Structure formats: C-alpha cells, structure tokens
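Please look over the sequence and the structure shown here before reading on. The notes that follow take up a pair of helices and then several salt bridges.

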Amino acid sequence: LSNFSNWTFENSVAMYERSFRELQVDYIDYYLLHSVGSSMEDFQKRYIDNGILDFLLKEREKGKIRHLGWSFHGDQNVFDHILSLHDEVKWDFVLIQMNYSDWRFSDIGQIYDLLAEMNIPTNIMEPLLGGRLSNVPKHIADRLKAQEPEKSVASWAFRFVGSYPNILSIQSGMVRHEHLVDNIRTFSPLVPLNEQEKQFLFETAEL
C-alpha cells in the first residue's frame with residue numbers, strides 16, 4: 001500500500017481495491033504497508049489516524065489478506081514502535097533490506113535478530129545491494145573466485161542471506177535468463193555459509 005502523497009482513508013482503500021482488480025484475484029497472499037520508517041508522524045498519518053490499519057486487519061479476518069506485514073526503510077525508532085504493535089496486530093511478516101555489506105555497516109543485524117526473537121518471518125530485499133554486490137571491482141571478484149572458482153560472485157551474497165533461519169523469502173532483481181539460472185543453482189540446494197565464510201564476507205565488505 002503505497003499511499004505516500006494521499007493518505008486519506010478513501011484514497012487508501014481505493015488503492016487497495018485497485019490491486020485486486022489489476023491482479024485479478026479474490027485474495028492477496030502477502031500485503032504490506034509499503035516503505036515505513038521515514039518518521040513516526042508519517043506512519044501515524046498513513047496508517048493509524050486515517051483508520052486504514054484497522055481496515056486492513058478486518059480484511060485479514062475476512063480472508064481477503066492472508067498475511068499482513070510491512071516493508072522497512074529508515075529510522076530505528078519507527079521500527080521499534082511498529083514492532084511494539086505486534087501483540088495487538090500480529091504481524092505476519094516484515095520485509096527488510098539485508099546483505100553482507102549492510103550487515104557489516106548498519107544495524108540490520110540487530111533488526112533481523114529482533115524479528116527472529118519474536119518469530120516474525122522475514123522477507124529480504126536488496127540481497128545484492130541494488131546489484132552492486134554482483135558487479136564488484138576485479139580484485140574483489142578475484143578474491144571471491146579464489147575461494148569458490150565455480151560459483152558466481154552473486155551467489156556469495158545469496159548464500160549469506162539464505163544462511164539465516166528466519167528468512168521467508170529473498171527477492172532478487174533478475175535482468176537476464178542467466179541470472180535466473182544462477183539463482184536456481186545457488187538455492188538447489190542452498191549450502192549455508194559457515195562462520196569462517198561469513199567472516200570472509202565481512203572482510204570482503206571492508207575491502
């Protein structure tokens with residue numbers, strides 16, 4: 001629900017209903033409050049004051065939404081606040097940006113751990129950091145290839161994210177057919193990273 005510029009109840013519901021028409025479905029498996037976290041005021045206006053969160057909860061009760069969650073970008077305080085609503089709302093999933101570079105240089109590890117502790121399934125976006133972790137400088141590619149000559153540079157990033165147990169799904173931005181083939185190979189079956197390999201990736205992120 002991307003009600004960024006017009007967060008009235010009427011516009012938000014219209015946007016919600018348009019999704020059903022365009023997708024041509026009777027229910028939606030995973031519906032999320034899109035891109036929350038810029039500010040507490042923004043979240044309050046977009047989903048609380050206008051009554052839209054209450055509306056979506058009722059839609060979930062009816063079975064129109066099977067799983068209700070949110071995607072997070074932004075302020076840790078907003079994340080903590082939305083997570084604190086879990087006892088009341090019972091969030092079914094959360095979508096976060098996670099990769100081995102963000103894990104090393106941001107608080108995403110803490111965010112993942114909080115979700116895991118609360119048994120809230122986690123969806124992952126940006127496992128390749130907008131493609132940057134698959135398009136690395138030659139000396140970094142050589143470093144990764146020296147460890148696993150037959151594996152792609154991108155496979156390291158996917159294995160990192162897939163090594164954590166509370167992951168529901170990983171969203172990959174694939175452009176070419178070979179990307180799809182490589183991703184399927186990486187996950188069929190997935191070989192989780194050991195602690196030594198994770199440390200190797202964190203050192204790679206530093207480089």
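A salt bridge is counted where a side-chain nitrogen of Lys or Arg lies within 4 Å of a carboxyl oxygen of Asp or Glu. The model is predicted, and by this rule the count in it comes to 10 salt bridges.

**A salt bridge between D92 and R60**

- D92 forms a salt bridge with R60, and the closest N and O atoms of the two are 2.9 Å apart.
- Because D92 belongs to the loop between α5 (86-89) and β3 (93-97), while R60 belongs to helix α3 (residues 52-62), this pair ties together parts that are 32 residues apart in sequence.
- With a relative accessible area of 22%, D92 is partly exposed.

**A salt bridge between E206 and R104**

- In a further salt bridge, the side chains of E206 and R104 meet with an N to O distance of 2.2 Å.
- E206 is in helix α11 (residues 195-206) and R104 is in helix α6 (residues 100-105), so that the pair, 102 residues apart, links distant parts of the chain.
- Partly exposed is the class of E206, at 45% relative accessibility, and R104 counts as partly exposed at 36%.

- The side chains of E195 and K198 meet in a salt bridge, with 3.6 Å from N to O.
- E195 and K198 both lie in helix α11 and are 3 residues apart, which is about one turn of the helix.
- E195 counts as exposed, its relative accessibility being 59%, whereas K198, at 10% relative accessibility, counts as buried.

**Helices α4 and α7**

- Two packed helices are described by the angle between their axes and by the distance between those axes.
- For helix α4 (residues 76-84) and helix α7 (residues 108-117), the axes come within 12 Å and cross at roughly 5°.
- Because angles under 35 degrees count as roughly parallel, that crossing makes α4 roughly parallel to α7.
- On the side of α4, the contact is made by Q76, F79, D80 and L83, and on the side of α7 by Q110, I111, L114 and L115.
- Sorted by class, the residues in the contact of α4 with α7 are 5 nonpolar, 2 polar and 1 charged.

Conventions: Residues are numbered from 1 along each chain as its sequence is written. This is a predicted model: local features need pLDDT of at least 70, side-chain atom pairs count only at pLDDT 80 or more; totals for chains, interfaces and linings use all residues. Side-chain values use heavy atoms; hydrogens and water are left out. Axes are lines fitted to C-alpha atoms, for helices over the stretch in contact, and angles run from 0 to 180 degrees between N-to-C directions. Helices (H or I, at least four residues) and strands (E, at least two) are DSSP runs, numbered from the N terminus. Angles under 35 degrees count as roughly parallel, over 145 as roughly antiparallel, 65 to 115 as roughly perpendicular and the rest as oblique. Contact means heavy atoms within 4.5 Å. Ala, Val, Leu, Ile, Met, Phe, Trp, Tyr, Cys and Pro count as nonpolar, Asp, Glu, Lys and Arg as charged, and the others, Gly among them, as polar. Buried means under 20% relative accessible area, exposed over 50%, partly exposed in between (1.4 Å probe, protein chains only).
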